Amino acid sequence: MSVTKVGLISILIAVLLLNSFTTLIIPAHAAISIELEEFRWNRFPISVYVEMNQWSILDYAPAIREGLDNWLKAIWNYTNAYDGQSLAMISYTYYVKDINSTGNPDVIISFAPYEMSGKAVGLTTYKYDDTAHEPITPIIINITTHSATETDIFVKNVAMHEFGHALGVGHASSPNTENGPELMYYASSKSGIIFPSTLDVYALTQIYQGHFGQTTQLPSSVPYVMLPEGAIPPTRMPQWQTYLQQYVPPIAVVAIFLLLSLTVVAYVTRRKTDASRSPPIPPPPPTDSNSALRAPELQIDNVKTRFSKATSAKTLDFRPKRAEVGLW
Ligand SMILES: [Zn+2]
């Protein structure tokens, strides 16, 4: 029987760290580790709902989205440079209260007035099924904004850190990478530019290889760096959607062609029938009795041929347009 467990992860604000990053001794690469949570997502896109309230301003919504996008960018960067193609399916959809809505969000992001327990500025609360190692939705993320006075970059960085937890990544043991702060360290000023590190994305690759509830370290072949911003990856659709996009337009064109052909045939046949009914019916000539019937048959064939050509030309115009619509 599956057991539901509840986890709380928080980050601590530590203003003192602001000036002490440069003086901290960075442990050797191999000694730096990161925690792996007990779950990973198997269903995408993850629907994320931002619940605006009196402790938020609308500017936070695009800032949080930017923070979430940074995870997709980091995953894309990492998988292109190193390994982890299994992460290509990770995606999310974004909803903001009073702008768009979703029925049952997988992740709810909300805002709180003061620091939560232990001076945490961000808090992720989750449940998971420890047999399936899947989250039980919704995962709740709270961000402290006092009276909506925190800066966009603070909110973005806290959301980025907490979304890392929502994806199943725990805390990293080092405050710094070789080229910048470590996003998944439990404490930082959270007011500078920050992106997920190679270690953070490596952690994701590990939970998708079935390593749960343990710590892991980067392989020596991968440098411990904060990943560059990079670009949002193109959407990777499930294979059945790719087939749909590929085959539905030509099938639709063929169906329309057949329907119109049948209509034309029915129309011409009806005219032929009407003509045959109209009195007076001339007596068949004594010789070459079939020539009068052959002519309409030839006409039908001509109509079909013309129509077929026109439909083929439409098909060529149609398919590239559909392909463009499929991109985002
Ligand atoms: Zn944390």
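This is a predicted model: local features need pLDDT of at least 70, side-chain atom pairs count only at pLDDT 80 or more; totals for chains, interfaces and linings use all residues.

Biologist: Where is D106 found?

Modeller: D106 sits in the loop between β4 (92-96) and β5.

Biologist: And what is D106 in contact with, leaving aside its neighbours in sequence?

Modeller: Beyond four places in sequence, D106 contacts I46, S47, V48, T137, P138 and I139. There's also I140, 34 residues away along the chain, with its C-alpha atom 8.7 Å from that of D106.

Biologist: What about I108, is that buried or partly exposed?

Modeller: I108 has 19 other C-beta atoms within 10 Å, so it is partly exposed. I108 belongs to strand β5, residues 107-112. Not counting residues up to four places away, I108 touches Y49, E51, P138 and I140. Its C-alpha is 9.8 Å from that of T124, which is 16 residues away in sequence.

Biologist: P138 came up for both of those. What kind of peptide bond joins T137 and P138?

Modeller: A cis one, with omega about 5°. P138 itself is in strand β7. Another cis bond runs from F44 to P45, with omega near 0°, and P45 is in the loop between β2 and β3 (46-50). As background, most peptide bonds are trans, and most residues other than glycine have a negative phi.

Biologist: Which residue of the β6 and β7 hairpin takes a positive phi?

Modeller: H133, with phi near 55°, in a hairpin that has 4 residues between its strands. H133 has 18 other C-beta atoms within 10 Å, so it is partly exposed. K119 also has a positive phi, near 60°, and is not a glycine either. You'll find K119 in the loop between β5 and β6; with 14 other C-beta atoms within 10 Å, K119 is partly exposed.

Biologist: How many bridges join β6 to β7?

Modeller: There are 7, and the two strands run antiparallel. β6 covers residues 120-129 and is mostly covered, with 7 of its 10 residues buried.

Biologist: Let's zoom out. How many helices and strands are there in the chain?

Modeller: The chain has 6 helices and 10 strands. Of its 328 residues, 30% count as buried. Taking contacts between residues at least 6 apart in sequence, 81% join residues at least 24 apart.

Biologist: Which residues touch the most other members in the largest nonpolar core?

Modeller: V48, I64 and A159, in a core of 60 residues. α2 gives the largest share of this core, 10 residues. I64 contacts V50, I109, V155, K156 and A159, leaving aside neighbours within four places in sequence.

Biologist: How do α2 and α3 cross, and at what angle?

Modeller: Their axes come within 8 Å and cross at roughly 40°. α2 and α3 are therefore oblique to each other, and their crossing is right-handed. The residues that meet include Y60, I64, L68 and W71 in α2, and V155, A159, M160 and F163 in α3.

Biologist: What's the order of strands in the open sheet with β2 in it?

Modeller: The order is β8-β2-β10, with antiparallel pairing. β8 and β10 are the edge strands, each pairing on one side only. The twist averages 35° from one strand to the next. β2 and β10 pair over 3 bridges, and I34 has T216 as its bridge partner in β10.

Biologist: Which helix lies across β2, β8 and β10?

Modeller: That's α4, running at about 40° to β2. α4 spans residues 198-207 and is mostly covered, as 9 of its 10 residues are buried. Among the buried ones are L199, V201, Y202 and L204.

Biologist: What covers the buried residues of α4?

Modeller: The cover includes β2 (33-36), α2 (60-81), α3 (152-166), β8 (169-172) and β10 (215-217).

How values were computed. Residues are numbered from 1 along each chain as its sequence is written. A residue is buried if 20 or more other C-beta atoms lie within 10 Å of its own, exposed if 12 or fewer, and partly exposed in between; C-beta atoms are placed from the backbone. Two residues are in contact if their C-beta atoms, placed from the backbone, lie within 7 Å. A nonpolar core is a set of buried Ala, Val, Leu, Ile, Met, Phe, Trp, Tyr and Cys residues joined through C-beta atoms within 7 Å. Two strands pair if DSSP finds at least two bridges between them. Axes are lines fitted to C-alpha atoms, for helices over the stretch in contact, and angles run from 0 to 180 degrees between N-to-C directions. Angles under 35 degrees count as roughly parallel, over 145 as roughly antiparallel, 65 to 115 as roughly perpendicular and the rest as oblique. A crossing is left-handed if the near helix is turned anticlockwise from the far one by less than a right angle, and right-handed if clockwise.
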